[in-house]
Amino acid sequence: MKFSSGTFDLDRCVSGLDRVVRVLFGAPVALRPSPAEGAAEDNLDQASRRNAAALMRVNHCGEVCAQALYRGQALASANETVTRALDKAASEENDHLAWSAERVRELDGRLSVLNPLWYAGSLALGYVAGRFGEDWNLGFLAETERQVEEHLQGHLGRLGDRDTKTRAIIEGMRREEAEHRRTAERLGACELPAGARLAMRLAARVMTTLSYRI
Ligand SMILES: [Fe+2]
Ligand SMILES: [Fe+2]
């Protein structure tokens, strides 16, 4: 494992800061239609709506973290192929962010007040991962996506069968997270040590538990 020296690019930093403000305080706009578009709104009881809104708040929070992780990694990486892959993934994650936020609103829920905190932590984590070199950077991306896939699969199990719209969004996101993971693996992701994978799981557990509630 080698901590690379990298280069500091002011333009990328400024553009990154602009994205921070848009992710945290703007209304994200999806470039593609939501997978829920065209699906009928089921007549859910109050408890199911509250649960679905809380799960989508968790997913929205996860997408905020994804934006920060990928931006942090892209800022630290000097490899064009890798930064292109990270930018493409981050653009799709932006759609996920918009779809999740929209679904939370439709379910009369609210977004997590802790999003700025998660963003800051994830940006720092992504930057550090990026400075360890491309294979570790990609390994971190692949492991993140793997854990998100599992987490989204778990959400499908916790949702009612009748919530067609929420399910469509989660399934759409899960398919793309799997593609992000495969891209990272194709580009040469290394497998992270068990301790790092466990630390990521614990951090995700804290984030998902808190953002389900606040
Ligand atoms: Fe995503
Ligand atoms: Fe992803």
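**Pockets and an iron site in a predicted model**

The second largest pocket has a volume of about 250 Å³. A pocket is an open set of points on a 1 Å grid over the protein atoms alone, where a 1.4 Å probe fits, with protein on both sides within 12 Å along at least five of seven lines, and lining residues have an atom within 4 Å of a point. A volume is the space filled by probe spheres set on the points, which are joined across faces, edges and corners. The model is predicted, and local features need pLDDT of at least 70, side-chain atom pairs pLDDT 80 or more, whereas totals for chains, interfaces and linings use all residues. Residues are numbered from 1 along each chain as its sequence is written, and side-chain values use heavy atoms, without hydrogens and water.

The second largest pocket is lined by 13 residues, with R22, V23, V29, Q67 and N94 nearest its centre. Helix α3 contributes the most to this lining, with four residues; helices (H or I, at least four residues) are DSSP runs numbered from the N terminus.

The iron ion (ligand 1) is coordinated by E63 (OE), E63 (OE), E93 (OE), H96 (ND1) and E177 (OE), at 1.9 to 2.4 Å. Donors are N, O and S atoms within 2.8 Å of the metal (3.2 Å for Na, K and Ca), and water is not among the atoms, so sites may look incomplete. E93 bridges this ion and the iron ion (ligand 2), 4.1 Å apart. H96 lies in helix α3 and E177 in helix α6 (residues 164-186), so the pair ties together parts 81 residues apart in sequence. Both H96 and E177 are buried (under 20% relative accessible area, 1.4 Å probe, protein chains only).

How values were computed. Chains lettered and ligands numbered in written order. Helix = DSSP H or I, 4+ residues; strand = E, 2+ residues; numbered from the N terminus. Buried < 20%, exposed > 50% of the residue type's maximum accessible area, 1.4 Å probe, protein only.
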